[in-house]
Amino acid sequence: MARVTYIEPDGRAVTLEVATGHSVMSAAMEAGLEGIEAQCGGNMACATCHCYVQDPWLERLPPPGEDERLMLQNVAAERRDNSRLSCQLIVRPELEGLTVEFPERQS
Amino acid sequence: MSSHAPIIIVGAGQAGVQIAESLRQEGYGGELLLIGEEPHPPYQRPPLSKKWLFDAGNPVSLAIRGAEALARRRIELKLEARVERLDRGSTTLELASGERLSYSRVALATGSLPRVLPVPGATLQGVLCLRGIADSAAIAAAIRRCASEQRPVVVIGGGFIGLEVAAGARKLGAAVTVLEGLPRLMSRVTAPIVSEAFEQLHRSHGVQFVFDAQVTELRGTREGHVAMVRTADGREFAAGCVVVGIGVTPDDRLAAEAGLPCERGIIVDECSRTADPMIVAAGDCTARRLADGRLLRLESVQNAVEQGKSAAAALMGRERPFYATPWFWSDQYDVKLQMAGLSQGYDQVIVRGDVAKPAFSAFYLRAGRLIAVDSLNRIPDHMLAKRLLDNDLSPTAEQIADAGFDLHSLVRQSA
Ligand SMILES: Cc1cc2nc3c(=O)[nH]c(=O)nc-3n(C[C@H](O)[C@H](O)[C@H](O)COP(=O)(O)OP(=O)(O)OC[C@H]3O[C@@H](n4cnc5c(N)ncnc54)[C@H](O)[C@@H]3O)c2cc1C
């Protein structure tokens, strides 16, 4: 388990307790956060669970795979160096405190 | 009709939850009741034939929304409740429990049901179909048993679900035979070159195929468990379990019995409205009447989400037609198939990429204009195709065929 903080597009911060092995995306969906669509449910087919990973977490995450890098080129909002697809971020206890920000739009 | 009565949504699936949440976003402040027959809060079905099937140990959450998130939006969730009747005269719904609920307006989001194999033996134990969480768990257990007892899994139907299950069964170590009634795989939705690539892929993983197979009978053991599948040409296939994936039937029963026009689905317009101004419908249970009069049936997450948004707007008296380019995906082994647009009626297919790998896209044209693209492990092509089709842009056949031409330049030009 780890606590993950999500910053909604309106700036509101929401902290969720996410079980180990769950994705940052699926916890956000279950909780009904506003800034995420995740239409494909984590199959890396839609790029609508885009998030910006806040410091210092980016380098502590496994780097994106080839498919994720390709999908990130096509996100609806601005792509930044810290852009990730939240469906690919799997929670482990070491990620306690992870903070991600949702972009203005997902599609 | 009581205008204080809630809006009631029948079916707590992908479309149902979308209608509920979009109603709140559209500013509906009244009572809202979401009724579902299953014991689970709304969940995603696509993983059930993919990752979840062979990897349920990994706690991937299937939830679209948890009960708490719905409660926070004042969406009352009533689970394990089945609506039996829609009475338009008295504007009430009757539940299987006998309870009657008054509605101000109704949204039907009842989804679809797996088509049952119309042959003797279809109800034997070990004959399984895939729609919900329980089905996926039962199929995974049956496949594991087949793998350990070295009995073959027989999949009937070479469409998306059948092929995804076949891939999952290979991953779990079971022998797999796929029986397909037509001469090639996924033939209703893809060009032969795509069918062939998937046939190759599955064969390279050890799947056996029988095409033009007309299943006539399933035979069981004395205990009533399926043991054999027979086809019209007299062939027999030993089976430790049988997975049937021969398509779905839209669940339009409530609407049809209430006298609403249905034709393999509840007929709705592009704003998800039915013939009754108090009733909208969205998702797998619908057939959408297009501007040119044709009926379009789609079974996809995107369709459920987009029609759900339209349905909520319609209930608020607003028009929000659904025109977005249809898209769909399927995962088989390490190949990701992504489809944009609808390829029916194409007169030309042009391939970009490496067919043997496979890492290619099939571009479908009709009368020289792009209508659809199927991409196998070509994510950028798929994302580009959605943009081209959404913006009604079409490369020429020559541009597509020219591997050196940058198709992205067309989108950049128009932007
Ligand atoms: C195994 C599988 C894999 C799939 N893979 C993909 C994929 O890769 N990509 C994709 O885009 N789509 C895929 N789909 C299709 C997609 O899941 C559906 O199109 C989508 O779920 C349709 O949403 P819906 O709300 O119309 O129906 P559903 O999600 O099926 O929800 C309907 C709900 O209504 C309930 N219900 C029905 N009648 C009643 C009643 N009378 N009273 C109360 N409740 C009722 C049902 O129990 C059900 O829970 C897949 C489907 C399956 C089964």
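Let's start where the two chains meet: 23 residues of chain A are in contact with 28 residues of chain B, contact meaning heavy atoms within 4.5 Å. Keep in mind that this is a predicted model, where local features need pLDDT of at least 70 and side-chain atom pairs count only at pLDDT 80 or more, while totals for chains, interfaces and linings use all residues. Residues are numbered from 1 along each chain as its sequence is written, chains are lettered from A and ligands numbered from 1 in the order in which they are written, and side-chain values use heavy atoms, with hydrogens and water left out.

The size of an interface is often given as the accessible area lost when the parts come together. Here chain A and chain B bury about 2,200 Å² between them, with 49% of it on carbon and sulfur atoms; buried area is the accessible area (1.4 Å probe) that two parts lose on being put together, summed over both. On the chain A side, Gln39(A), Asn43(A) and Asn74(A) lose the most area to chain B, and together they make up 29% of what that side buries.

What about charges? The rule finds one salt bridge across this interface, joining the side chains of Glu34(A) and Arg73(B) at 3.1 Å, N to O. A salt bridge here is a side-chain nitrogen of Lys or Arg within 4 Å of a carboxyl oxygen of Asp or Glu. On chain A, the elements that give two or more residues to the side touching chain B are α1 (24-30) and α2 (66-72); helices (H or I, at least four residues) and strands (E, at least two) are DSSP runs, numbered from the N terminus.

Helix α2 turns up again inside chain A. Arg84(A) forms a salt bridge with Glu68(A), their closest N and O atoms being 2.7 Å apart. Arg84(A) sits in strand β4 (residues 83-85) and Glu68(A) in helix α2, so the pair ties together parts that are 16 residues apart in sequence.

Now over to chain B, which is divided into domain 1 (7-113 + 249-315), domain 2 (127-244) and domain 3 (334-414), with bounds from an automatic or database domain assignment. Taken over C-alpha atoms, the centres of domain 1 and domain 3 of chain B are separated by 33 Å.

Finally, the ligand. It has 33 residues around it, and Ala15(B), Glu38(B), Lys50(B), Arg131(B) and Asp284(B) come nearest; a residue counts as near if one of its heavy atoms lies within 4 Å.
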